[in-house]
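Please look at the sequence and the model before reading on.

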Amino acid sequence: MSKLPTSPAFVIDQQALQESIELLNDLRALSGCRVLYSIKALPLISLLERLKPHVDGFSVSSLFEAQLAYEVLDKQQSIHLTTPGIRPNEIGQLNQVCSHISFNSLSQQQMFSNAGHKQVAQGLRINPKLSFVPDKRFDPCRLYSKLGVDINTIEAQDIVGLSGLHIHTVFSQYDYGALLQTLDKLQQQLGRYFKQLQWLNLGGGYLFKNINDHQDFIQLIRTLRQEYALEIYIEPGKAVIGDAVSLVATVIDCFVSDGKVIAVLDTSVNHNPEVFEYQRQPEILESHEQGTYQVMLVGSTCLAGDVFGEYTFLHVVKIGDTISFPKVGAYTLVKANRFNGYNYPDIYSLDAGVLNCLKRYDYADYREHWL
Ligand SMILES: *Cc1c(COP(=O)(O)O)cnc(C)c1O
């Protein structure tokens, strides 16, 4: 990449994005599944426009996301909503913009299913009670989960009037083991209702690009479609945009603290809040395992714990050096904030070696926010 004109910058690599799109296209062609992009990962309108011709719709989790999806998509494309957070004063508008709503609980279904338009396909989010995510903070099937109706409590009457079911139970999975086991359980416990339904939404959470063998997935979708005549939806977020974006920052200060070299960046954990939220050390491109220079990379806010972590480099790190955090497309910008009054990164598109600035926030935006 040519040197960025500004720093920090959130750089969307169109080539990498194209690869995710092509893979999902192939999977759709081979399996017959329908693909929805889960816009909560990154709802940038230019990205939504870019994805629009390649997806069957978007998946959303709130009224604002649903409205944005509705603005971008064509009317025959789908907008699937599921959330624990439907509010009584929003159901009317949600019914106007969504094509599918999967209620998160039986009580929400009771409260809102009659407020429905005839055109809205109503479903139920099922919690299959099969955990695959070791970190409970990411596990929708954890004990006392708030996400979906317990599969063991579903009765025939709960299915009446529904056109589909929704599940979403994993996070950042690198194989289809969880999907196969979950569908096995779903078929055993609820398979007798499948013939009454039109669709099954399998949620997101699979990192399709990082999975080598897609045969299990393709076979599963084909079987479900053939055996039960169901339309099968998937709704990847991170798998679409995660790998396609880097956050590129610059070292603005270096000094020693208690014997360790500290390099201050012109970014912070506030541009990638999951680093602090989950206390994870992000990958960077410039470090090297065999390096002998240890450097603690930190953000430039007043928060003492605004620290990315310790990295080893082959060379001394100096003021002006570039540090790039790859694969930060999902759940970064959408969670970013301007704590301390530090601006958001500029947003660039990188296409065939050419950088194009898509968005630059300035003081007027900051002021407007707090008006
Ligand atoms: C977050 C979410 C997704 C997308 O998840 P990824 O991990 O980004 O693929 C899809 N469906 C639902 C219901 C979600 O909550």
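## Between the domains

Across the interface of domain 1 and domain 2, the rule finds zero salt bridges; a salt bridge is a side-chain nitrogen of Lys or Arg within 4 Å of a carboxyl oxygen of Asp or Glu. On the side of domain 1 that touches domain 2 there are six nonpolar, two polar and three charged residues. In this classing, Ala, Val, Leu, Ile, Met, Phe, Trp, Tyr, Cys and Pro are nonpolar, Asp, Glu, Lys and Arg are charged, and the others, including Gly, are polar.

The area buried between domain 1 and domain 2 is about 940 Å², and carbon and sulfur atoms give 64% of it. Buried area is the accessible area (1.4 Å probe) that two parts lose on being put together, summed over both.

## Basis of the model

The model is predicted: local features need pLDDT of at least 70, side-chain atom pairs count only at pLDDT 80 or more, and totals for chains, interfaces and linings use all residues. Residues are numbered from 1 along each chain as its sequence is written, and side-chain values use heavy atoms, leaving out hydrogens and water.

## Domains

Domain 1 covers 32-236 and domain 2 covers 243-369, with bounds from an automatic or database domain assignment. Their C-alpha centres lie 34 Å apart. The contact (heavy atoms within 4.5 Å) takes 11 residues from domain 1 and 11 residues from domain 2.

## The chain and two local features

The chain has 11 helices and 17 strands. Helices (H or I, at least four residues) and strands (E, at least two) are DSSP runs, numbered from the N terminus. Along its principal axes, the C-alpha trace spans about 65 × 45 × 40 Å.

A cis peptide bond, with omega about 0 degrees, joins Ser-7 and Pro-8. Pro-8 is in the segment before strand S1 (9-13). Ala-229 is not a glycine, yet has a positive phi of about 55 degrees. Ala-229 lies in the loop between helix H8 (215-228) and strand S10 (231-234).
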